[in-house]
Amino acid sequence: MRISRSLAALALVGAVSAVGAPAAFASPAQAPSAATAAVTIAAQPAASAVADALNAVNAHVANGQIQPSLGRSLRADLQTAVTAQAAGDDAAATAALFDARETVYAADLSQIAAAAGVDLLPELDGMLGDPAGYVRAREVARNLLQNGDIAASTARRVVADLKAAEADSSRLPALRAYVAALPGSKADAAGKAGLANVLQTLQLGSPQSSSGVTVRVTNSTGVPLTLVSTSKPYGDWSGQFPQTLQPGDTAAAGVSSFSIEGAQLQAVYAAPDGTRFDVSGYVPLAGSNSTSQSVTGTNAGSYTIDHSIGSGWHPTASFNLRPKASLGAVDSSSGVTVKITNSTGKDLTRASEYKPYGDWTTEFPTTIPAGATVTAKVDSFSIEGAIASADYVTADGTRFTAGGYVPLAGSNSTSQGVSGTNASSYTIDHSIGSGWHPTASFTLRPKASLGAVESSSGVTVKIVNNTGKDLTRSSEYKPYGSWTTEFPATLPAGGTATAVVDSFSIEGAIAGATYVSADGTSFSATGYVPFAGSNSTSQDVSGTNAGSYTVDHHIDGGWHPTATFTLRTR
């Protein structure tokens, strides 16, 4: 199956959907705890199966693919399963085998090499049955790590956060946001897709296990329409569109879907003059319902489509295909002047310009020297109004977008954006006048400069382990700046861990880590030093035994404070 890392991971994404998704995954409200996870042994495993797993562990320890200390832990779990099996205690055997599999999920490749994981996990799955819910999610993370599609730090963070979310499902959205923001160095496209897929499935409860959409089309064009095509990428038809839609008639068709992708239905009708009307309704399992609609062809400018869609999992999307309303003389033309002032301190080069309707009276110049102001203008007789915009870039690749829009119905508006590696260092002031021929003004400039005392920041995070248990780091976090000192991989009972981040980012400095104990209790501690506002900490304890512990916390003032956390029993 390992044709390539990306193909393997994409195949894995399909496998996630194929496990009866989303019904195969426990609803967060019904998610089993680690101690009672849904991994019941279908039939008592033969002693030879457990013995085979023990032999596999011994072989991989001998060839260096399993770290000796982790090998001892796996042997202990498997031996416990053998003993429990001999005593006829199926529940204890299940729990021991489950613990062994969880050990593999949580391990780095330095502890259990990919080849050893590929060998051992199928043996454990064979005895425990295919994983589901949070257990399946952790196996997905391990497989993506073995395929090389996510980094070791990403796998540690995901597995630890999944354990925490298993006890408190409200933590799932934060984990999904973390995955969505992963840079390419932490997860490739297939890795992000695999994680996003399984996390979305986990977050959906049984009410969202199915969806559907009804698309209703009314022909108010005054001419008969002929069906060109229909599409439903997911689910099954519940009704079909008629081949011909006479003037004044309304037709409806629907789709019902159990796909994790949700429900979508599209139809295209054509008028005798070749004008095409394309309408689509989409109901995702996560996110807002939406429509898409378009009119194409030589006479497309003469028509429009009114559209709406309801809420819920089985809404109706309604479309009214009609001629555009005729315009009075006062609003038969429009225009927009776009004025851009370059206060960035750098010369800018035009990358593109855009005017979908009307004609340029003045185009944007190819360059804007530092300190200069330029203008461009569009005049339009289109029923769509007038739009003019441009993209300019600096030598370091920072891109500035500025555009003005004057519709024939509705309010004038601007659009602006900054992108690129140094985008956070800049902003765009913007305004637009009223009427049919206003000026949209944009000033491209650095963000408000910081005083020298605020030009850098940093935070030292000190974690004192008074839990009485050895802790292992599952993740560390610093979105801005650079590590001066990272958190150690382990934090012995009674020990202190210190990490330091220095930052020149306008966002300030953040440093945090999550440590876990052998019983799965997870301790998170983060210090934050913003450029504006008060220094703060965030801390959390999660897991089955979370109620037995607490975290004392304190952070100093200033731009380079120490945040101190003491992890202790209550």
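**Pockets and an open sheet in the predicted model**

Of its 39 lining residues, A106, V516, S517, A518 and G520 are the closest to the centre; a lining residue has an atom within 4 Å of a point. The model is predicted, with local features needing pLDDT of at least 70 and side-chain atom pairs pLDDT 80 or more, while totals for chains, interfaces and linings use all residues. Residues are numbered from 1 along each chain as its sequence is written, and side-chain values use heavy atoms, without hydrogens and water.

At least two lining residues of the largest pocket come from each of α3 (68-86), α4 (90-106), α7 (152-167) and β22 (471-477), helices (H or I, at least four residues) and strands (E, at least two) being DSSP runs numbered from the N terminus.

The second largest pocket, with a volume of about 900 Å³, is lined by 29 residues, among which R157, Y178, E476, Y477 and K478 lie nearest its centre. Helix α7 contributes the most to this lining, with five residues.

Five strands form an open sheet of mixed pairing in the order β13-β15-β11-β20-β19, where strands pair if DSSP finds at least two bridges between them. Within this sheet, β11 (334-342) and β15 (373-380) pair in the antiparallel sense over eight bridges.

Methods:
On a 1 Å grid over the protein atoms alone, a cavity is a set of points where a 1.4 Å probe fits but cannot get out, and a pocket is an open set with protein on both sides within 12 Å along at least five of seven lines; lining residues have an atom within 4 Å of a point. Grid points are joined across faces, edges and corners, and a volume is the space filled by probe spheres set on the points.
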